[in-house]
Amino acid sequence: MALKLKLQQQQALTQSEINDFVTLLISPEIEQEEKRHYLQAFSSKDYSQKELTYLSRALIHTMYDPQPYYPEGMCVCGTGGDRSNSFNISTTVSLPVAQTPTQLQETHLAFLSATETFPVMKHIQPVRKMIETPTIFNIIGPIINPFQLDYQVMGVYDKERLPHIAQTLQDLGRRRAIVVHGAGGMDEATLSGENIIYEVNQDTGITNYTLNASDVGLQSADNTELVGGSPLDNLQISERILRGEDQSAKYEVVLLNAGLALYVAEKAATIQEGVELAHTLVQSGKAFEQYQSMKGEVHDYIG
C-alpha cells in the first residue's frame, strides 16, 4: 500500500493520504495491531506543519462538516505528556476565564470529552494505550475542538512543535491564540523561568517571544511547587485557589495562565492586565461562583 510505504520512508502525506490514514484508524474492521503500526509510524516521523493541518481537518470532518460555531468560543487545554504530575492547572484556569450550546448558554463553560464529541476516538483510544510514548494525538487532541473557535490557549510539552501548531491554529481560523511551552518542560506557562510563546493573530500573523512570571508581577517558583496528588487532592487544591484561600505558587500559576487566556480573548489589553483581572475575578468570588454553577451539571455537548 502506498500509504504504508510512504510512512516507512518517512515521506510527507497529502491531504488525500491523511484522509486514508484517518479512515484506517477509525475503522472497526482493521485489527488494532495494524492500527498501532500506522499510528506509531506517523507519530515517530518528522511530520510537517501542513500534515498537522491536514490531519486536524480530516478528523474534524469525520464528525462536523461544517463545524458548529459559538461566537467568541475559547478553548484552554494542553497536550499533556509533560510528566510533571502537576495539579489540574488548565481546568482551574477555565473558571476565572469563562464566558455545546445548552451548557454554554447556561453556565458559559463546558468540558468537552473527546470520546463524546468525537465518538470515532473510541476506536483510536485503545490503540494509543498500546503505545507507551506520546503520539500525534497528544498534539492533535486540543486542536480539534468540535466548535469553530475564535480563541485558544494551548500548552505544549514539546517546544519543537510550537511553530507548527501555531500555524495550524491560524489555518483553522483562530482569531487569536497562544501556544505555550512552559519553563521546565511543562505544557502550561510556569513560574520557574522563560516560557516560550507563539502568538497567533489573524490580522498581524504569528509572533514569538518569551515570558517570565516576573514580567507580569508574579513571583518565581520551582515547578515542584505545582505538584498535585490524587483526583480528590487536586479538586481540593482547585477549590482553595478559586475561593482565594490559597496564595501559594499554585495560585500564581493559575493567574499567569488565566492572564494569557483573558489577553487572548480580548478581555485585557496586555498579559499583565489579564493577570490582574484574573486576580480580581478570584478575590471577588466570581470565579468560585462560576465553579459552583458547574457542580453536578450534565449537559449535551452538541445540540
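This is a tour of one predicted model, stop by stop, for use with a viewer.

**Stop 1: the sheet**

Select strands β1 to β5. The 5 strands form an open sheet, ordered β1-β2-β3-β4-β5, with mixed pairing. Look at the edges next. β1 (74-78) and β5 (205-211) stand there, each with a single partner strand, so one side of each has no neighbour in the sheet. On average, neighbouring strands of this sheet are turned by 10 degrees against each other, direction ignored.

**Stop 2: strand β3**

Select residues 176-181. This is β3, and 6 of its 6 residues are buried. R176, I178 and V180 point one way. A177, V179 and H181 point the other way. Both sets are buried.

β2 and β3 pair in the parallel sense over 5 bridges. Pick Y151: its bridge partner in β3 is R176. β2, α10 and β3 make a right-handed β-α-β unit.

**Stop 3: the antiparallel side**

Select β4, residues 195-201. β4 runs antiparallel to β3, and 6 bridges join the two. Move on to β5. β4 and β5 are also antiparallel, paired over 7 bridges. Here, N201 has G205 of β5 as its bridge partner.

**Stop 4: across the sheet**

Show helix α12, residues 249-264. α12 lies across β1, β2, β3, β4 and β5. Against β3, it runs at about 155 degrees.

**Stop 5: helix α4**

Select residues 49-61. How far apart are the end C-alpha atoms of α4? They are 19 Å apart; the 13 residues should span 18 Å at 1.5 Å a residue, so the two agree. Colour the buried positions: Q49, E51, L52, T53, L55, S56, A58, L59 and I60. These residues pack against α2 (15-26), α3 (32-44), α8 (121-129), α9 (136-140) and α10.

**Stop 6**

Nonpolar side chains tend to be buried together in soluble globular proteins. Which members of the largest nonpolar core touch the most other members? Select F42, L55, I136, F137, I143 and I165; the core has 43 residues. Its largest share, 6 residues, comes from α2. Centre on F137. Leaving aside neighbours within four places in sequence, F137 is in contact with L25, L39, L59, M121, I124 and R128. A second, separate core has 38 residues, including A189, V216, L256 and V282.

**Stop 7: helix α11**

Select residues 231-243. α11 has 13 residues and reaches 18 Å from its first C-alpha to its last, close to the 18 Å expected at 1.5 Å a residue. Its buried residues include N234, I237, S238, E239, I241 and L242. Step just past the helix to G244. This glycine takes a positive phi of about 80 degrees.

**Stop 8: H108**

Where is H108 found? Look in the loop between α6 (102-107) and α7 (114-117). Is H108 buried or partly exposed? Its relative accessibility is 37%, so it counts as partly exposed. H108 and S293 are 185 residues apart in sequence, with 9.6 Å between their C-alpha atoms.

Notes. Residues numbered from 1 in each chain as written. Predicted model: local features only at pLDDT ≥ 70, side-chain atom pairs only at ≥ 80, totals over all residues. Heavy atoms only, no water. Buried < 20%, exposed > 50% of the residue type's maximum accessible area, 1.4 Å probe, protein only. Helix = DSSP H or I, 4+ residues; strand = E, 2+ residues; numbered from the N terminus. Pairing = 2+ DSSP bridges. Right-handed = clockwise from strand over helix to strand, strands pointing away. Expected span 1.5 Å × (residues − 1). Contact = heavy atoms within 4.5 Å. Axes fitted to C-alpha atoms, helices over the stretch in contact; angles between N-to-C directions. Core = buried A, V, L, I, M, F, W, Y, C linked by side-chain atoms within 4.5 Å.
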